[in-house]
Amino acid sequence: MGIISGYIGRVYKQFTGEILVLPSRTVALLFCLTLFLLPLITADPYILRILILASIFAIFAASWDLLSGFTGQMNFGHALFFGVAAYTSALLNLHIGLPHWLTIPLGALAAVLAGLVIGVPCLRLRGPYLALATLAFPLILTGIIFAIPGITGGELGVSGIDRLSGSRVIEYYIVVTLMISLGFVMWKITDSKTGLLFHAIREDEVAARASGINTTRYKLLAFCLSGLFAGIAGGLYVHFMRIAGPSTLALMLSFQAIIWAIFGGIATIYGAIAGVFILVPLMEFLRVMPEIRMLLFAIIVMLVLLFMPEGLTTWVRDKIEKECPRCKLRNLATRKSCRVCRADLG
Amino acid sequence: MKRVMKGAIILLLACLVGVATSCGPAAAAKEIKIGVIGPMAYVQGEHHWYGALLAAEEINAQGGILVGDEWYQVTLVKVDSNEMVSVPDAASAMERAITVDKVDFLVGGFRTEAVFAMQDVAMDYAKIFLGCGASTPELCTRVADDYDRYKYWFRVTPMNSTYLGSVDFMLLGMVAEKIRAELGIEVPKVAILAEKAVWADPIVAGAKQLLPAIGMEVVGEWRPSPTATDVTAELSAIEAAGAHMIFTSFSGPVGVPYAAQWGELEIPAASVGINVEAQKEGFWDATGGKGNYEMTMNTYARVNITDETIPFIDRFIARVGEFPTYSAGTYEALYILKAAIERAGTLDSDAVVAELENTDRIGTAGRTVFTSDHDVTWGPGYVVGLGVQWQDGEMKCVWPPPGGEWEGVDYEGAVDYILPPWMVEAWGP
């Protein structure tokens, strides 16, 4: 009994000391709680559909952020991972009859292989050259898909795939739970030593290599990890939409990942997730003005990036929190001294 | 005094209630909500809307739709699917139309991949969805494979892509016969000129395989971009190859510069096949008249496919100011739906499906009867499509040829196909 109460006490202390102490983490917690409790308030299938799609795209956008935001490997063809996993999951489900809990991981594995296939030839490229090279891969795969329509369905795609569940609410809980878990895993990766090395590669690759870091290995790791998470998103998408078509490899999808991540705040993971959860419902809301929907969307994105060049969440976070100049930990903006090292926060 | 006050207050309240009741809106007319779903930023979606709008206005002017012994007004809901850009957007738009806008029936759809996704959403809710844009046969194969789930899907227009291909080759065959008869060339040479797009691949492959078997020789294949602005290199090569016919497959804007340059250079080869730009009324002005003698497959032309065709085209142009494209077949879809609902006497989807299956309507593009897999029936006496040729600024129907030469199908207003005079001059006896 004493052990249990001691454990609860420790969890409570960590909860108040690590989460409630910072507004950004409290907001993240509230966001997760809201997502979990929402079906108790409304089970409207349309609202759940939008949130399921937002969750899938949030994993996808965060996986782009993991690769391009953290390691600086600018990937303009991120839909490749999504599409490879989508087609793999769809074909395995349709032709072999594997269930979705197997096809989604296998699709993600195929996306990891795609990450290696891209990563190896692109290791020597940087900046715009890398961006252009990555842009080419989804186009090549699209060409292959059209070349073998007997297997891929060509322009029509592959349809008739099993859904995640017969119930929209269960589908919602599967996808949202995965989104929150994978988002947390990605955030922990970037917060770990590996994440620090990703940062170092982005800031100065030569200096990182001079410090003894095997940058080739870490860049390949970033490609594979990014492929893994984007692949899970692709597998979820295909079992939710029940179709895998050429649109899963479209340039527009690659660019959307970039827009979501930059809008929310690049190199943060949570920024990409926030970007999707703001922009996807916003686009739905703008359906009330169909004629100017895309125009309004573009204006909103431009205004946000004009006044908040580092992204929305970064801008908000900097308004409500400040970083300790000594220990670099974040504190509530109203605090006078650091919550850990007691340094003066000005 | 108190009693008087009480009585006055009750009287006042009664008056207020009476006034409120008499001044309130009349009992709202019952309505049937029909969602018109399509890419509204594109001409295909616009014509989905215009076709449905014209039909809804006409139906409402006639009193609406009689369900049992009650009249219902048609209310249209414009649903922008954004399907050209995003497939998930299209599926979300469909679900929103059903769950938020509470539409009773749906018409429209264009991009195949998106229509598959939208079809699944509509079937989840057992909502009747009349397709008016996508031609792939697989959309109807689903009905045959899983009738209970997909029975709510029907294709009104266009005829499926297999039949589109058949008509394409029939047009080519008709022109080949003309060349044989007028120019004495027994084995006409054909140049295949198709835009670099996936939809054109099976047509190109089919042409290479089929044409030699029906007495024609293929002299080469050229594949410009769908957005090319200059095809003079291809046309020069085709002329040098000695082609008598150019078999076109164009859906993109390349159709305009192609026709203009073909006419300007007077390439001595008849142009026949699919050129979507030539299906539009603005084609003549866009080519500066150089597109004279260009021939393409089409759905509508000012010809009496039925007695409904020309009056419909006139009303459409008067209302919208544009010549209808095939996605304006939503007009037909609404009338087909109206008839089925009135026969069923209920809005229940299953009952309406049963009546839709019994559809036999003489409409604007022909006689519509659905096949067992809910596709539009193709063939003489049903919907067959048209071949049109630009002749001195007018889009004329040239196939089925006049005089009932093809399967006895004879549309009043159809005229003979004319070989370009510069071609006759170059190859004539």
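Residues are numbered from 1 along each chain as its sequence is written, and chains are lettered from A and ligands numbered from 1 in the order in which they are written. Because the model is predicted, local features need pLDDT of at least 70 and side-chain atom pairs count only at pLDDT 80 or more, while totals for chains, interfaces and linings use all residues.

Two residues are taken to be in contact if their C-beta atoms, placed from the backbone, lie within 7 Å. Between the two domains of chain B, the contact takes 6 residues from domain 1 and 5 residues from domain 2. The domain 1 side of chain B divides into 3 nonpolar, 2 polar and 1 charged. Here Ala, Val, Leu, Ile, Met, Phe, Trp, Tyr, Cys and Pro count as nonpolar, Asp, Glu, Lys and Arg as charged, and the others, Gly among them, as polar.

Chain B also contains an open sheet of 4 strands with parallel pairing, in the order E8-E7-E9-E10. Helices (H or I, at least four residues) and strands (E, at least two) are DSSP runs numbered from the N terminus, and two strands pair if DSSP finds at least two bridges between them. The edge strands, each pairing on one side only, are E8 (217–222) and E10 (270–275) of chain B. From one strand to the next the twist averages 20°, with axes fitted to C-alpha atoms, for helices over the stretch in contact, and angles running from 0 to 180 degrees between N-to-C directions. Strand E7 (residues 189–194) of chain B is joined to E8(B) by 5 bridges; B:Ile192 has B:Glu221 in E8(B) as its bridge partner. Helix H8 (residues 201–210) of chain B packs on this sheet and touches E7, E8 and E9 (245–250) of chain B, its direction making about 170° with that of E7(B).

Turning to the pair of chains, 20 residues of chain B are in contact with 22 residues of chain A. On the chain B side, helix H3 (87–99) and helix H4 (112–124) are the elements that give two or more residues, and H3(B) supplies the largest share, 7 residues. The residues of this side of chain B comprise 10 nonpolar, 4 polar and 6 charged.
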